[in-house]
Amino acid sequence: MALDNQSGDLFGQTPSQTVGPFFHYGLPWKGGADLAGASELGARPDLIPPEHDLLTRANVRTPVEGLPIEITGRVLDANGAAVPDALIEIWQANAAGRYNSPDDPRTDVTVDAAFVGFGRGATGEDGSFRFRTVLPGRAPGPGNVLQAPHIAVGVFGRGLLKRLVTRLYFEDGEGNERDPVLALVPPHRRETLIAAKVGETPVAYRFDIHLQGEHETVFFDI
């Protein structure tokens with residue numbers, strides 16, 4: 001029997017590789033992590049020689065409505081070590097609780113044309129990330145029940161063939177105790193979805209993401 005190019009006897013097993021790392025310089029754009037201003041927050045131009053820096057510049061944005069906030073945190077692996085090349089995406093409602101999407105057709109809630117609601121940022125060498133945005137309003141959820149203010153978070157990184165999806169709630173958020181999605185999470189694990197308030201000027205929250213281990217963040221199967 002002739003051997004072809006699929007034969008393990010001829011070529012052996014194809015070696016495996018993890019996905020990436022490439023997120024930190026290939027996918028973010030300057031300003032991608034600033035939903036409320038016009039800074040270049042989000043990308044890692046420090047990894048790219050100046051003559052090769054062709055990343056999209058931050059967009060000019062008119063002022064957005066709502067309370068400006070900052071969200072900082074780190075992405076950590078099972079051993080508590082920093083993940084320096086992860087990519088974080090966020091998606092949220094505006095300050096009035098409406099999403100900038102055709103899937104939110106409500107006409108009784110104000111649309112803020114200046115607020116997109118989507119952001120993307122790379123982690124630094126220490127696994128850190130930072131977003132500037134506005135405090136989201138409360139939007140209807142399952143069963144048309146009003147949800148607590150929250151931000152949807154997606155995590156991409158080496159070895160992940162699919163993004164991990166979680167939610168960020170605020171420790172002082174109105175309605176946390178009645179949120180229909182947070183209620184699905186076992187009480188002893190809900191703290192992994194709660195961002196701690198760490199500053200007043202500007203209003204700032206801390207949200208660390210643990211990919212595995214004792215303090216693993218709750219991720220949702222969607």
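1. Aromatic pairs. This predicted model contains four aromatic pairs. In one of them, the ring centres of Phe170 and Tyr205 are 4.8 Å apart and the ring planes meet at 70 degrees, so the pair counts as edge-to-face, the class for angles over 60 degrees. Phe170 belongs to strand β6 and Tyr205 to strand β8, so this pair links parts separated by 35 residues in sequence.

2. Burial of that pair. The cut-off for buried is under 20% relative accessible area. Phe170 has a relative accessibility of 1% and is therefore buried. Tyr205, at 3%, also counts as buried.

3. Main core. The largest nonpolar core comprises 28 residues. Ile71, Val75, Ile88, Phe131, Val153, Leu168 and Ile209 have the most contacts inside it. At least two residues of this core come from each of β1 (68-76), β2 (87-91), β4 (128-134), β5 (150-156), β6 (164-170) and β8 (203-206). Another core, of seven residues, lies apart from it; Tyr169, Val181, Val185 and Leu193 are among its members.

4. Val153. Leaving aside residues up to four places away in sequence, Val153 touches Ile88, Glu89 and Ile90, as well as Leu164, Val165, Thr166, Leu168 and Ile209.

5. Overall layout. The protein has two helices and nine strands, and along the sequence they run α-α-β-β-β-β-β-β-β-β-β. Where contacts join residues at least 6 apart in sequence, 66% of them are between residues at least 24 apart.

6. Surface and burial. The protein has 222 residues, and 43% of them count as buried.

Definitions and conventions. Residues numbered from 1 in each chain as written. Predicted model: local features only at pLDDT ≥ 70, side-chain atom pairs only at ≥ 80, totals over all residues. Heavy atoms only, no water. Core = buried A, V, L, I, M, F, W, Y, C linked by side-chain atoms within 4.5 Å. Buried < 20%, exposed > 50% of the residue type's maximum accessible area, 1.4 Å probe, protein only. Helix = DSSP H or I, 4+ residues; strand = E, 2+ residues; numbered from the N terminus. Contact = heavy atoms within 4.5 Å. Phe/Tyr/Trp six-rings, centres within 6.5 Å; stacked < 30°, edge-to-face > 60°.
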